[in-house]
Amino acid sequence: MRDADRTLSASSSVERYSFTQKDELISLYDENFHLIDCSPRHSKTYIIDSLVDATLWHVYPGLLAPKPKSAVEFVLASGVPRSVEIADATTRDRLALLIFRTPRGIGVVEVEGGATYRKASSDSDRALLLHQATHDVLTGLPNRRQFSDQLRGTLPVPNGAKLALMQIDLDDFKPINDTLGHGAGDAVLKMAAERIRNVLGEREVAYRLAGDEFAVIQWKVDQPAEAERLADAVVKAFKEPFTVEGINVFVGASVGIAIAPGDGNETEQLMKAADIALYAAKKDGRGLARTFSRAMLIVLEQREMLRRSLRTALQEGQFFVEYQPLVRLPSSVVGFEALLRWRHPIVGLIPPSVFIPMAESDGLMSEIGQWVLEQACRTATTWPDHFTVAVNLSSAEFLREGLTDRVAQTLDAVGLRADRLELEVTESVLLERTTDNLDALNTLNVLGVQISLDDFGTYYSSLSYLKNFPFDTIKIDKYFIKDLETDEKSQTIVRFIIALAHGLGMRVTAEGVETRGQITWLQKEGCDQLQGYFLGVPMPAAAIDEFLRQSSLAL
């Protein structure tokens, strides 16, 4: 072996299987069947030191016979151990061998007394139990236990060696379980594991950690180039759809890369670095690979600072609400949408796209959402009686028990008619607990509250939602409005949504209106309501009266 390979091999202590007795005949080989380690007795028996680039076939030529060789290939492919008998090349005696999978290839245990095949079978049973304890049942990949042992046994890496850790998360996997069932999800996980395994080369091992989380450990000297090459191969492997029961589903892969010793030479350090890189890959758009850098750590530390501040923001009065006009064509204001804002005392204004996901994941959104609802409803009582107020409901609020009671109590407490409140939900909110969602929406509808489907067309856009849920309004996302004057595809989609909504007896609101040309086009096509900076920017409640006095909204 080359010197670099010897260094890497020596550093992989997990592959130095715990030889319970020093006189056992055990040898380990990589996936190309090159010898990478063996017990002292095995080395002495087969004079290993005299062999250059010793292989499995040098040590056990009898394994080249068709049946034994087939058993070796089966173990390598499936991970399931096998017992075989071959003829000793020197004495012609029968040798009983137990062949088992290792993270980097295969291992061979030579069972004493070739004729005692029952002993080999017993050892095979023990090896099978070991395999089951260290491998994932569904995918056949080494499991988290094996991964942890491998990483702990390898780190710290010695001078001159480098190890890459890749954390892999599947993108858009959850909707498969939600829509097609867990059986389909399991099928996708098995195919995903196979795609990862197919791009691996020498000194590269994949693991399934949990759910849709995978990892790869790579022993290569040219880092981070080799890790980035492999990570790109993993990402590309997920570009093609998975076919489950005749249905094509798309699942991507995001990869975070960390390199030892530079990014950490202890297990927790390296895993944290890979997790941070994975987070960056997902934040940058998913279906990407990112290599850890110190800048990522700084960004994450800033986010954690914001996360801690968010826990006290409501009590310290850092939140406020702005209101953006809703205009009914041809030219009248009919209400306002309440928009939550956060002014951090040090950082300043924090975008909702940053702090709302934090609040949802930390279980804070229900309390914050209730505050917004009360503020918006109380403010709306000062407006003309025909004005409505629209309030966004996050998934955390919608899925929390007692939503309808909280809404009804809030309306009673502030004295606002139910038909003046419009609650906006997105399609993503409706993916779970469908029966409960339908009951909640129907109850709100009975109360007289209006329900709007926000950002239509940007999530799953299942038409079954429009059939089964009692929406009053569909809001077309600004993504389809921004190039409406020039893009024929956007025009076709918007026309379809308007016709669909009207056919179902629903109103249509277009978000993100920025130009007079967009207004003219939408008015011609029969859009009911508009919202956007051209018509009015978000404003504090105190500015609404002045806005109404100065704005004629003559379109």
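Glu-511 and Lys-475 are both buried, where buried stands for under 20% relative accessible area, exposed for over 50%, and partly exposed for anything in between (1.4 Å probe, protein chains only). The two also form a salt bridge, with the closest N and O atoms 3.4 Å apart; the term covers a side-chain nitrogen of Lys or Arg within 4 Å of a carboxyl oxygen of Asp or Glu. Glu-511 sits in the loop between strand S20 (507-510) and helix H19 (516-525), while Lys-475 belongs to strand S19, so this pair ties together parts 36 residues apart in sequence. Helices (H or I, at least four residues) and strands (E, at least two) are DSSP runs, numbered from the N terminus.

All of this comes from a predicted model, in which local features need pLDDT of at least 70 and side-chain atom pairs count only at pLDDT 80 or more, though totals for chains, interfaces and linings use all residues. Residues are numbered from 1 along each chain as its sequence is written, and side-chain values use heavy atoms, leaving out hydrogens and water.

Lys-475 has another partner too: Glu-424, at 2.8 Å between the closest N and O atoms.

Over the whole structure, the search turns up 22 salt bridges. One of them joins Lys-282 and Asp-171 (2.9 Å, N to O). Lys-282 is in helix H10 (residues 267-283) and Asp-171 in strand S6 (residues 163-171), so parts 111 residues apart in sequence are tied together. Lys-282 is partly exposed at 27% relative accessible area, whereas Asp-171 is buried at 2%. Elsewhere, Glu-304, Arg-307, Arg-311 and Asp-362 are linked in a salt-bridge network.
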